[in-house]
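Look through the structure below with this briefing beside it. The points are grouped by topic.

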Amino acid sequence: MLNLDNIHRSDVEDFLFQEAALLDAWQLDDWLELLTENAQYMVPSNDEPNGKSGETLFMISDNIQRIRERVVRLKDPQAHAEFPRSRTRRVISNVRITDWVYGDQPAVGAQANFVIYRHRRDQDIRTYVGSYQYILEIRPEGLRIASRTVVLDAFELGQMGLLSFII
Amino acid sequence: MSQEILPEAFSSEFIINNPAGQDFQVNRRALADPKVLEAEMRHIFDTCWIYVGHASEVREPGDFQTRSVCGRPFILCRDSQNRLRVFLNACRHRAAVVCREREGNAKSYFCFYHGWSYNRDGELDGIPGRASYPDSFDAKKLGLAEPPHVGVYKDFVFVSFNPQAQPLEDYLAGAKEYIDLIVEQSPSGRMEVIRGTQEYDIRANWKLLVENSFDDYHLMTTHSTWLNYMKRSGVEIKKPERGHLMPAHGVGKALGNGHAVIDNVNFRGRPVAKWIPLYGEEAKPEIERIRAELVDRLGEARATRVADTNRNLVVFPNLVLNDGSSITIRTFHPLAADHMQVRAWALGPVEETPKARAIRLDSFLTFYGPGGFATPDDVEALESVQKGLATYREVPWSVMSRGMSKVGEQLNTDELHLRAFWLRWHELMAPSFEE
């Protein structure tokens, strides 16, 4: 069984690849299964990449309730910004385990680089580049996302326009 | 204030205004033609007062923020005496920008190209090889240039490129009352821009965001997923009364000089000060405390005015102050006829507790911004309009007559406030029509 002593980069990598596949396929309910019951999903504003939610204005700062509501919204054809849905393709690399958290609930901190291409009909391809920062809990059923922070490299969102999909 | 400021009936290539016939139409070319944008840069953006930033963004001597406004690079800063200053960010030698960082604290502004430097007061105080300049060279006249006018109203900083600009307070007209309603939320009357900027482009004409920012007619269909989210979280969304489209009463008002507002009875949460279940049980005492302070300081009637109404204000031409789920300052500049750059900030009272600040920022994200539950659908609507506008030669006119048959009060879902914007736009643009 996976534990803090035997976890390897490739375990995290496999998990992140699987998550990316679910998000690109818009299997959002399946994606929710990868989250803990207290999960957080955050995207800080471009000019405050190290900002603290609650003190600085983020673009997304969801607790688990709002993550679930976000999925409800995205599955509704009335979520106009994602209807018709954009097509996304995520390329994930440079995966690293950065922290080993011992305690009642073992967890690792992990980082990865990403490039996401987002396509919509009659629009330029929009490219999102940045770093994922995760806290992944090691559960009997496997890794689960406790925290997921998406830090964009760009100085402003600019031509990317929106974060209407799960980035 | 709610009666429409109606000029005589007229029609031009851009607007048909016929109050007697209850007809108002806008020609779609105004939203699509690059030539119109060229004229707007001169007749609107170089004529009006334009928002640059907020005094709270620079606090100490030497503090600066650089930003582009009306296509020009600016430095918003505090000088050596801690006075608020606005400089054009261009070296007097060859025009290179003298401050290339986003923000910070400067001892001087240094142009690396040939080494000219300026002190915090904008004076030219460093010129390598000065001896080679002839006697006619006068360094005193070569300080960083300033726009013809800089004006500040309750810490909101504006510039005007118009040498004949009227005083800012006169220009703001009825919009001042609505800025006051925001500022009064701070016990000391001091609000601050919270760190973190949302900057994103919309592929649409800038005037479409003006319309959208205070158009409640679109709320029920464009934002149904947001309304569902509110409902599911425990907010009561009442069935609209007869003749209404919204869950609560709200009016549209023209405020003079093209400024206008929608002024709505609150039905959703407000950091100052209406608790909703989304804020969490533990936030209740904090919101109650804020409310009590407000009543204590302003009296029951004024506190109710401040805390129980939501107001979306457009300060002509391109500043939006939305005071609803949170307060947002939003300003936008055209990059092309079909492309704009949007910048948005959150604003809060300086004395807000960390708990109240967290509620404010969380509440902001329920609705606003590129990852919010509502703004993305606004952006989609605007971009969708812009695509459709390619048919402007075949279908030239958009009807904007909602509410015109009414005497007196106009609803937030009527279009008086949109007409007020367009009438001012027309008045300022008229000299360009004969060109």
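In chain A, A:V115 stands opposite A:V129, which belongs to β5(A). The model is predicted: local features need pLDDT of at least 70 and side-chain atom pairs count only at pLDDT 80 or more, while totals for chains, interfaces and linings use all residues. Residues are numbered from 1 along each chain as its sequence is written, and chains are lettered from A and ligands numbered from 1 in the order in which they are written.

**The sheet of chain A**

- Strand β4 (residues 107-119) and strand β5 (residues 126-139) of chain A pair in the antiparallel sense over 12 bridges; two strands pair if DSSP finds at least two bridges between them.
- Strands (E, at least two residues) and helices (H or I, at least four) are DSSP runs, numbered from the N terminus.
- The open sheet has 6 strands in the order β2-β1-β6-β5-β4-β3 (chain A), with mixed pairing.
- Its edge strands are β2 (58-62) and β3 (87-101) of chain A, each pairing on one side only.
- From one strand to the next, the twist averages 20 degrees.
- Helix α3 (residues 64-75) of chain A packs on the sheet and touches β1 (35-44) and β2 of chain A; contact means C-beta atoms, placed from the backbone, within 7 Å.
- The direction of α3 makes about 80 degrees with that of β1(A); angles run from 0 to 180 degrees between N-to-C directions, and axes are lines fitted to C-alpha atoms, for helices over the stretch in contact.

**The largest nonpolar core**

- A nonpolar core is a set of buried Ala, Val, Leu, Ile, Met, Phe, Trp, Tyr and Cys residues joined through C-beta atoms within 7 Å.
- The largest one has 155 residues, and those touching the most other members include A:L136, B:I50 and B:F421.
- Helix α11 (residues 416-433) of chain B gives the most to this core, with 9 residues.
- The core lies between domain 1 (10-28 + 174-433) and domain 2 (49-160) of chain B, because both give residues to it; the bounds come from an automatic or database domain assignment.

**Two packed helices in chain B**

- Helix α1 (residues 34-45) and α11 of chain B pack at an angle of about 120 degrees, with their axes 9 Å apart.
- Residues of α1(B) that meet α11(B) include B:A39 and B:H43, and among their partners in α11(B) are B:W425 and B:M429.

**B:E352**

- B:E352 lies in the loop between β21 (339-349) and α9 (354-367) of chain B.
- B:E352 is buried, with 22 other C-beta atoms within 10 Å; a residue is buried at 20 or more such atoms, exposed at 12 or fewer, and partly exposed in between, with C-beta atoms placed from the backbone.

Terms used: Two residues are in contact if their C-beta atoms, placed from the backbone, lie within 7 Å.
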